[in-house]
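Please keep the sequence and the coordinates open while reading.

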Amino acid sequence: MFISSAFAQTAPAAAGGSDMQSSLMSMLPLVLMFVVLYFVMIRPQMKRQKEHRTMVEALARGDEIATAGGLLGKVTKLGDVYLSVEIAPGTEVTVQRSAVVQVLPKGTIK
């Protein structure tokens with residue numbers, strides 16, 4: 001009679017430890033999905049943003065650029081947020097620095 005009650009008291013304690021382990025194992029796929037998402041999507045996007053930021057900061061007068069709107073031109077004036085781009089002889093437009101998509105090689109625009 002005393003031994004049966006002793007086994008009954010120790011059985012839930014052993015099950016409680018395995019319950020904690022099973023809950024950790026159920027969280028493992030979620031953690032693995034986040035890790036894969038980070039390396040496949042988030043990290044490359046942050047790298048692209050950093051490259052774009054350094055390209056925009058390195059713009060200089062005379063650089064030939066392409067904007068997000070499809071304009072090709074030569075940088076004539078630089079500001080903190082805006083820059084002036086000559087798209088044709090005597091025609092200048094003002095665009096945001098963040099709209100610059102690509103710096104073209106010298107001599108691309110004639």
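The points below go from the overall fold to single residues.

1. Basis. This is a predicted model, in which local features need pLDDT of at least 70 and side-chain atom pairs count only at pLDDT 80 or more, while totals for chains, interfaces and linings use all residues. Residues are numbered from 1 along each chain as its sequence is written, and side-chain values use heavy atoms, with hydrogens and water left out.

2. Fold. The protein chain contains 1 helix and 5 strands, where helices (H or I, at least four residues) and strands (E, at least two) are DSSP runs numbered from the N terminus. In sequence order the pattern is α-β-β-β-β-β. Of the contacts between residues at least 6 apart in sequence, 40% join residues at least 24 apart; contact means heavy atoms within 4.5 Å.

3. Surface. The protein chain has an accessible surface of about 8600 Å², and carbon and sulfur atoms account for 65% of that surface. Areas come from the Shrake-Rupley method with a 1.4 Å probe, and for residues only the protein chains shown count as cover. Buried residues make up 15% of the 110 residues. Here buried means under 20% relative accessible area, exposed over 50%, and partly exposed in between (1.4 Å probe, protein chains only).

4. Annotated span. UniProt, in an unreviewed entry, places a "transmembrane region" at residues 25–42. UniProt positions are given in the numbering used here, feature names are shortened, and annotations may be inferred rather than shown by experiment. In the model, residues 25–42 are 100% helix and 0% strand, and the end C-alpha atoms of the span lie 25 Å apart.

5. Aromatic pair. How many aromatic pairs does a search of the whole structure find? The search finds 1. Tyr38 and Phe39 form this edge-to-face pair, with 5.2 Å from centre to centre and 80 degrees between the planes. The criterion is that rings of Phe, Tyr and Trp (its six-membered ring) have centres within 6.5 Å; planes under 30 degrees apart count as stacked, over 60 as edge-to-face and the rest as tilted. Tyr38 is partly exposed at 30% relative accessible area, and Phe39 is partly exposed at 48%.

6. Salt bridge. Asp63 and Lys106 are joined by a salt bridge with an N to O distance of 3.2 Å. This pair links distant parts of the chain, 43 residues apart: Asp63 is in the loop between helix H1 (2–57) and strand E1 (64–67), and Lys106 is in the segment after strand E5 (100–104). Are the two partners buried or exposed? Asp63 is buried at 13% relative accessibility, whereas Lys106 is exposed at 59%.

7. Core. The largest nonpolar core has 7 residues, namely Leu59, Ile65, Val75, Leu83, Val85, Val95 and Val100. Such a core is a set of buried Ala, Val, Leu, Ile, Met, Phe, Trp, Tyr and Cys residues joined through side-chain atoms within 4.5 Å.

8. Val100 is found in strand E5 and is buried, with 0% relative accessibility. Leaving out residues up to four places away in sequence, Val100 touches partners including His52, Met55, Val56 and Leu59. Val100 and Ile65 are 35 residues apart in sequence, but their C-alpha atoms are 6.7 Å apart. Val101 also sits in strand E5, yet Val101 is partly exposed at 48% relative accessibility. Beyond its neighbours within four places in sequence, Val101 contacts Met55, Ala66, Thr67 and Ala68.

Key:
Salt bridge = Lys/Arg side-chain N within 4 Å of Asp/Glu carboxyl O.
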